[in-house]
Structures are given as structure tokens and as C-alpha cells.
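Hi everyone, thanks for making the time this morning. Let's look at this one together, and please stop me whenever you like.

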Amino acid sequence: MHDCCIVGGGVIGLSIAWELARRGRTVSVVSCDALRHGASWAAAGIFPAQPQDTLTKLRGTPIERLTQYSDRLHRQWAESLLEETGINNGFHRCGSLAIAITEETNSDILTSVEKWKRLQVKHEPISLKDLRQLEPALNSGFMADHLRSAYYLPNETQVRPPRHLKALREACLRRGVEIVDDVRVQNFTFDSGRIVTMNIEGRNVARCSMHAAQFCIAAGAWSEDLLQKLNLNVPTRPWRGQILLHKTDPGLLRHIINIGSGLDYIIPRDDGHLLVGSTIEDVGFDVSTTPLSLDRLSTIAGELFPDLMSRQPKDFWAGLRPGSPDGLPTIGPVPAVDNAWLATGHYRSGFHLSTGTAHLIADSMCGISTELQMDFFSAERAGLAESTSLVS
Ligand SMILES: Cc1cc2nc3c(=O)[nH]c(=O)nc-3n(C[C@H](O)[C@H](O)[C@H](O)COP(=O)(O)OP(=O)(O)OC[C@H]3O[C@@H](n4cnc5c(N)ncnc54)[C@H](O)[C@@H]3O)c2cc1C
């Protein structure tokens, strides 16, 4: 019997497990499939630029404060993960260029500029000439014909999700966390308002139940069914995102390129890999890629980088983001069950928010008052369960 059992081995579940293990708790993590099927492995790993000053207090709405809080923790986490496991998660403040090449993306950028000003995020408008200097490989002709505006944001950051997950798993194992893969949690048995047993099913497991003093559901897009078994209605819907991977010469591109507000983007890795993303599709639990979406991503890449026009992508994949009705994650205790918590619905920001989420949940599970107010993310917040339309 462990102190804590986490359902879900994506970035949210593993981050919570590591944070609890670092606080001396014994922890198990159960996960129903290999890492590649969840949202986390598929993610791009962009952390949007945040206010630079680490000494001043957090600014803006509760979700903006959680984002800044998480962002500040990421550097420390990258260092600790490297120290504990020898794995470099690719944390790199590479900066980004936000470019508008249509009227629509120009108006998206103007909205972003308002937000950057309000939160004091470092940004500066740049000319076509500056853009060419910063990124000589960008298609000059296309830019000259289509560029409406461009901004440089020095604090945008990236990590490499598969490496971060590998590091987290390794760090968890080294701290004695038991990770049980290929096991599906079916339901729970209760006594006096507490979970006593979690019933599991899996081909390679001898046991059919697990016990712990505390439980946390971090099952991404699959959380809704499990939470209903805890008498809680928290709608989570999968939103598919597809990504295309090219291999180029290292250094071809140095900054993340965000088109408009960043729904479409190109991310350069230091070894020359370029990720082109992404789509937002409401297609249920279907993780297949589609020729139509991959063609669209190829066109985006080819327009900006003529070199990529003639190349076949090295790989492509899809993942399912966990959406919520109001676009916010749900983080906190499960109201009707004394020893259960949940962390889900992180949608497009789960990687970025994973550190802050892990701190909040671990504090709450350890009975410590949390650094940020959690009520705003609670399962009982106004309208969450009643809302019928899920964010797109
Ligand atoms: C294409 C794409 C690009 C993205 N880019 C970014 C980005 O740049 N920055 C960013 O911050 N975020 C990004 N995201 C979003 C981010 O990936 C997600 O918000 C985050 O990974 C969610 O993590 P999770 O742990 O909640 O879910 P998941 O990674 O999906 O993990 C859920 C886990 O729960 C397990 N599970 C489910 N049901 C059960 C059950 N019954 N029993 C046992 N285990 C169960 C699954 O096996 C899985 O391990 C992107 C997502 C996609 C798809």
C-alpha cells in the first residue's frame, strides 16, 4: 500500500508523482497504455513568453498567474531532472517570432500585443529587414509579399516532450515510485466517503486491485468516465492535434515561428529537427493522422521555408488534448470523496502548466496551504459541470 496512487502516466500524472516523491511520499502511477498514445508524448513543448522578472509577484487572471508560476518552476525542474537522471529535457529559452501573413493572423497578433503589454511580457515589433537578419532561411520573397506584422519575443521557451517524459519517469523510478503500465483503472470501492480499493485490469498484472491512502485522477482526455465513478461530472473532451516532423541542417532556424496567435507554428530543435503544428479537431478518441491536415502543415512549412517544399517529412503523429467546457484545467480535491484529487483538462497548455499543477496538487495532498489559490480551478467552479459546449 502506497501513500498516494496517481491514475495517468502523462506529463500531469508523472509531474505530480515526482513532486510527491520529492516530499517523501511513497507513490504509484498507473497508466493504461504506452506513453505515445497520450497527449503528452505528442506535444510540441512550447512555453509562451511570460513576464521576465522572477522577483515581482504574479500578474493577471488566476490562469495567467498559474502559467507564470509554472514557467518559473520549469528552469529549476530542468536542472533537477538533469542532476537526478542525466537526461537533458531540452529546456531552451530560444525566443520566438510572431508573424502575421493574413488579415486574420494580423488581428490575432494585435490581440496578443494587448495581452503582452498588460502582463509586461517583453516583445518588440520588427521589420522585414530585421526578420531576414534574425532568420535568413525564411522565404524572403513570400515574406516581402505577405508580411503584415512581426514581433520578436525573447522569452519564449521550448522543451522536448519525449525527453522531458523520459526524464520524469526515470526521476520517479529513482525515487522509488512504482510505475504500472498497460493497466486500466475500471472503478473504485468506497467506505465512509473514501476510496478503499481501485479495481484494475491488464494483461500482464497479477493483481486486480490497488490500495493507497490517497488517489489522484490525472487521466487526460479520458478523465470524465473515471470521475463519474467518483460521482463527479467534469466533462473532458479530446481535441486531436497533428504534427509533422522534418529533419534539416542544425541552425537552419533558431527561433520558434508562431503564425498569428500561435495556432500554427514551427519549432526548431537544436539537432535540426523542425516540428510543424498543429490542428485542432473534434473527432473523438481517434489518434490517426489525415492526409488533408498533413498537407496543410506541409504547405505552411513550404511557404515559409522553400527548402522543405521538396522534402518528405521524417515523421508525423497525432495526440488528444484534454479539453474542458470553459477552457480551464480542473485542479483540486474531488468534492464528495475525502481522499481523492483530480488534475485534468489542461487542453493546449498541459506541458507548460505541469509544474505548477504538480505543486498545487502535492501541497493539497500533503495538507499544506497552496501558494496559489486553487478555488478558481475547482471541480465546483461556476458552470463547469453544467456547461454543454466544450472549448475549441
Ligand atoms: C499536437 C499537440 C501539441 C501540443 N503542444 C503543446 C505545447 O506546445 N505546450 C503545452 O503546454 N501543451 C501542449 N499540448 C497539450 C499537452 O500535451 C496536454 O495538455 C498534456 O499533455 C495533457 O497531459 P495529461 O497528463 O493530462 O494527459 P495525457 O498525456 O493524455 O495522459 C493521460 C494518461 O492517462 C492514462 N489513462 C487514461 N485513462 C486511464 C484509465 N482508465 N486507467 C489508467 N490510465 C488511464 C493514459 O494512459 C495516459 O497515460 C499539445 C498537445 C498536442 C496533442
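Let me begin with Thr248, which sits in the loop between strand 13 and strand 14 (256–259). Keep in mind as we go that this is a predicted model. Is Thr248 buried or exposed? Its relative accessibility is 5%, so Thr248 counts as buried. What is it in contact with, once we set aside neighbours within four places in sequence? The answer is Asp271, Gly272, Leu274, Leu308 and Arg311. With Gly272 there is also a polar contact: a polar atom of the Thr248 side chain lies 2.7 Å from the backbone oxygen of Gly272.

Now a few backbone details, for those of you who enjoy them. Gly277 and Ser278 are joined by a cis peptide bond, with omega at about -10°. Ser278 belongs to the loop between strand 16 (273–277) and helix 9 (291–304).

Next, positive phi. Gln120 is not a glycine, yet its phi is positive, at about 60°. You will find Gln120 in the loop between helix 4 (103–119) and strand 5 (124–125), and it is exposed, with a relative accessible area of 52%. Asn231 is also not a glycine and has a positive phi of about 60°. Its loop runs between helix 8 (223–228) and strand 13 (237–247). With a relative accessibility of 70%, Asn231 counts as exposed.

On to the ligand. Which residues come nearest to it? Of the 40 around it, they are Ser31, Ala39, Ser40, Tyr347 and His352. For Ile46, a polar backbone atom is 2.8 Å from a ligand oxygen, and for Ile12 the corresponding distance is 3.2 Å.

How much of the ligand does the protein cover? On its own the ligand has 1,000 Å² of accessible area, and the protein covers 97% of that. The elements giving two or more residues to the shell include helix 1 (11–22), helix 2 (39–42), strand 17 (315–323) and helix 10 (350–365). Strand 13 is also one of them.

By class, the shell has 21 nonpolar, 15 polar and four charged residues. And both domains take part: domain 1 (2–87 + 161–236 + 325–377) and domain 2 (96–154 + 237–323) each provide at least three residues.

That's my tour, so over to you for questions.

Note on methods
Residues are numbered from 1 along each chain as its sequence is written. This is a predicted model: local features need pLDDT of at least 70, side-chain atom pairs count only at pLDDT 80 or more; totals for chains, interfaces and linings use all residues. Side-chain values use heavy atoms; hydrogens and water are left out. Helices (H or I, at least four residues) and strands (E, at least two) are DSSP runs, numbered from the N terminus. Buried means under 20% relative accessible area, exposed over 50%, partly exposed in between (1.4 Å probe, protein chains only). A polar contact is a pair of N or O atoms within 3.5 Å; within protein, one must be able to donate a hydrogen and the other to accept it, and residues adjacent in sequence count only if both atoms are side-chain atoms. Contact means heavy atoms within 4.5 Å. A residue is near a molecule or strand if one of its heavy atoms lies within 4 Å of it. Accessible areas come from the Shrake-Rupley method with a 1.4 Å probe; for residues, only the protein chains shown count as cover. Ala, Val, Leu, Ile, Met, Phe, Trp, Tyr, Cys and Pro count as nonpolar, Asp, Glu, Lys and Arg as charged, and the others, Gly among them, as polar. Domain bounds come from an automatic or database domain assignment.
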